[in-house]
Amino acid sequence: MACTREADLSQGTGFLSVRLSADLAVTPVVKAEAYEADEPDPVFSLEITPAAGGETIQVADYRALAEEPLSLPVGDYTVKAVSGPDASLSWEQPRYEAESVAHIQPDRTCELALTAKLARTMITAEFDASIGEFFTDYRVTVSNETDALVFSRGNGNIGKSGYLKASALDWDLYMVNTQGTVYRVGPVKIENVQPREHYHFRFALDEQTRSQAMSGAGLLRVLVDDSVNEKYYELNLDFTGEGLPSISGQDFDLTDGIAVKKGDNSSHNVVNFSAPRGIKSLTLSHSDAKLLDAGLPQFVQLVDASSATVQNLSALGLGVSALSYGQTETSVDFGPFLGSLPMGDYYLSLDLIDVRNRYSAATVVLSVTSPVEADATSAKPWAEFAILGGRWYTEERPSGLRFQWKKAGDTAWTNYTGDVTYNDAAATFSAELYGLQAATDYVFRVKTDKEEENREVSFKTSPAGTIPNLNFDDWYQDGKVWYAASNSSTRVWDSANKGAASFIGSTTTPETGSVVSGKAARMESAYAVVKFAAGNIYIGSFVGLAGLGAELDWGMPFSSRPLALHGYYKYSPKAIDYTESPYGSKKGDMDACSIKMYLCDWSAPFRVNTSTSTFLQDDDPSIIAMCDFTSNVATSGYVEFTFPLQYRDARTPKYVVIVGAASRLGDYFTGGKGSTLWLDELSLVYDAGELSEADRQRVGYRQL
């Protein structure tokens with residue numbers, strides 16, 4: 001019996017019921033008026049997780065278990081009760097949590113007692129009505145490392161409860177009196193902050209301060225507590241507005257910003273700081289990565305700064321001197337520092353507080369401009385052309401703005417005389433420089449009528465790769481099979497000849513009569529006893545017969561980026577008299593030829609298998625650029641063509657394929673017997689100047 005009972009304890013099911021109470025109390029750590037929370041009873045959900053692992057069970061309302069306990073397999077479970085949002089910051093929505101372990105035994109009900117407590121720090125803030133008599137704006141910000149609660153007259157959060165996850169808090173008081181004077185206290189840090197603690201900030205003017213304020217001066221006593229001991233922060237009030245702190249540019253308007261030319265270390269741009277009642281705080285701050293890289297700290301306090309801090313700032317080129325608490329005037333020269341920065345705009349915050357806590361601030365735009373009117377910026381080279389870029393730095397486009405270019409090493413510059421595209425909003429311009437030599441070093445620059453000595457930008461055009469026998473002048477015959485090459489070692493072109501020759505001879509042959517020049521490739525579709533065979537030619541190799549079809553390897557290694565395929569074709573179509581699925585309905589239609597070119601990033605040739613319908617699809621992600629021409633119209637002679645390659649992205653090709661076929665659907669054994677296509681004098685176009693504007697748009701190189 002004992003052994004049997006022991007075994008039963010690890011099997012079967014038991015039941016879970018939860019009795020939950022909520023401890024809504026918080027510990028007040030700021031001496032202030034008593035805070036009475038008037039909150040409805042929170043609703044708790046349950047998260048029940050098997051200790052041995054497995055899916056967590058969710059119960060939307062724990063009270064459902066009072067009437068019907070939850071049936072669970074025997075074992076231990078972690079039960080967590082939660083109410084309120086699981087957020088690091090919330091308003092008026094406290095987060096309560098409780099957690100314990102339930103031991104589920106067979107055929108027994110485990111009643112688990114949990115006490116949920118506040119899992120956040122509670123914060124409230126109040127401003128006495130008397131403050132509104134003397135201040136038009138006031139707010140206190142209470143923050144942790146990532147979130148901030150703002151209690152202000154404007155946002156309506158004064159008197160509301162906020163909740164934060166916090167181990168330390170900072171509070172910051174900001175006030176503006178009826179004369180427009182700004183006052184600041186803080187930030188003040190409170191350490192060792194715990195959940196369930198309630199920080200209640202209350203700001204008021206006592207009667208003595210209020211009467212003094214009405215007469216033109218006084219003290220605002222701010223009562224807080226960051227160590228369970230009362231502390232008073234005295235904020236001087238001076239309603240006369242005399243001797244206010246100020247920030248101004250020396251001999252320039254600070255609102256226009258500070259500007260220097262790149263590399264100019266001799267200029268002086270001095271900002272003056274004045275506080276007749278004495279300077280309490282003067283800080284420089286920013287959030288610019290480039291300023292950090294230049295060595296300027298994100299936050300610098302200049303009042304009572306160490307000698308090392310002053311020396312470090314001086315070494316950066318900032319004209320600063322030692323500044324003591326209570327000193328009434330100082331200045332900072334930003335000129336030499338700015339001249340060392342990269343060109344661009346930077347934003348720096350200047351904050352000045354006097355000993356009466358009156359505040360003056362300015363956000364200054366620091367601009368580092370070019371020492372010239374305009375400059376060359378970038379080049380996007382292709383094989384036989386390049387896109388040149390430049391920008392100007394004057395308010396209006398400079399007179400005589402132009403590009404100049406030359407081969408690297410040449411002495412004479414050439415003025416660019418083609419079309420220039422201007423972007424007046426961005427102060428940039430660009431041009432396309434045609435007629436360049438492939439794999440050649442060039443330099444270019446920008447000039448204006450002032451003829452500044454601008455920097456030169458160098459670039460190198462990419463290689464212009466070639467494909468053997470593009471003019472189809474070279475042929476040799478091996479038995480019944482014709483190949484478009486001078487011999488087997490130079491062959492890159494192939495056809496279906498090897499599969500059809502034993503039945504009907506070669507369907508692709510050299511043409512010597514009707515040509516543009518030399519010889520041409522003649523492709524005639526035929527019926528090869530068991531299957532229709534389209535006359536065709538392609539870059540690659542015939543692998544062998546596969547069932548009633550064939551296997552072909554498409555492509556040869558190729559890493560250049562041509563813009564178009566140029567050449568000549570002639571076509572004599574016939575009506576389609578041979579069809580196979582799925583093109584049975586095409587019978588009787590006029591046949592059509594096909595000329596295609598692909599640039600791809602394969603690591604090996606593409607294996608085509610006509611018996612399994614394995615073909616390169618036009619949406620294959622390996623395709624970088626392609627052109628596809630088809631026609632069912634007979635020509636009276638050769639037609640010259642330029643087919644632009646439409647680029648999809650800027651990847652570098654690894655393989656190239658060119659395919660010509662007398663019957664476009666020949667891969668599917670569909671076409672017209674006797675349809676004939678001639679191709680001659682193919683070439684690759686690398687210079688965009690040889691294309692029409694419409695074809696340039698189709699290539700899409702400007703968007704790459």
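Predicted model: local features only at pLDDT ≥ 70, side-chain atom pairs only at ≥ 80, totals over all residues.

Colleague: How many helices and strands does the protein chain have?
Modeller: The protein chain has 8 helices and 52 strands. Buried residues make up 46% of its 704 residues.

Colleague: Why is Phe-669 called buried?
Modeller: Buried means under 20% relative accessible area. Phe-669 has 13% relative accessibility, so Phe-669 counts as buried. You will find Phe-669 in the loop between β51 and β52.

Colleague: And what makes Asn-192 exposed?
Modeller: The cut-off for exposed is over 50%. Asn-192 has a relative accessible area of 62%, and therefore Asn-192 is exposed. Asn-192 also sits in a loop, the one between β15 (182-190) and β16 (197-203).

Colleague: Which backbone angle is worth a look in Asn-192?
Modeller: Look at phi: in Asn-192 it is near 55°, a positive value in a residue other than glycine. Phe-669 also has phi near 55°.

Colleague: What is the peptide bond from Ser-581 to Pro-582, cis or trans?
Modeller: That bond is cis, with omega near 10°. Pro-582 lies in the loop between β45 and β46.

Colleague: What makes a set of residues a nonpolar core, and which residues have the most contacts inside the largest one?
Modeller: The residues must be buried, of nonpolar kinds such as Ile and Trp, and joined through side-chain atoms within 4.5 Å. The largest such core here has 47 residues, and Ile-467 and Trp-493 have the most contacts inside it. Among the elements that give two or more residues to this core are β39 (520-524), β45 (564-572) and β52 (676-685). The largest share, 5 residues, comes from β52. A second, separate core has 33 residues, including Ala-275 and Val-364. In soluble globular proteins, nonpolar side chains tend to be buried together.

Colleague: How do you know which residues Ile-467 touches?
Modeller: A contact needs heavy atoms within 4.5 Å. Leaving aside residues up to four places away in sequence, Ile-467 touches Val-492, Trp-493, Ile-539, Met-556, Phe-558, Val-656, Ile-658 and Leu-684.

Colleague: How do you know that β45 and β52 pair?
Modeller: Pairing takes at least two bridges between two strands. β45 and β52 are joined by 8 bridges, so they pair. These two strands run antiparallel. One example is Leu-565, whose bridge partner in β52 is Leu-684.

Colleague: What is the order of the open sheet of 5 strands?
Modeller: The order is β38-β39-β52-β45-β49, with antiparallel pairing.

Colleague: Why do β38 and β49 stand at the edges?
Modeller: Each of them has a single partner strand, so one side of β38 (508-511) and one side of β49 are left without a neighbour in the sheet. On average, neighbouring strands of this sheet are turned by 35° against each other, direction ignored.

Terms used
Residues numbered from 1 in each chain as written. Heavy atoms only, no water. Helix = DSSP H or I, 4+ residues; strand = E, 2+ residues; numbered from the N terminus. Buried < 20%, exposed > 50% of the residue type's maximum accessible area, 1.4 Å probe, protein only. Axes fitted to C-alpha atoms, helices over the stretch in contact; angles between N-to-C directions.
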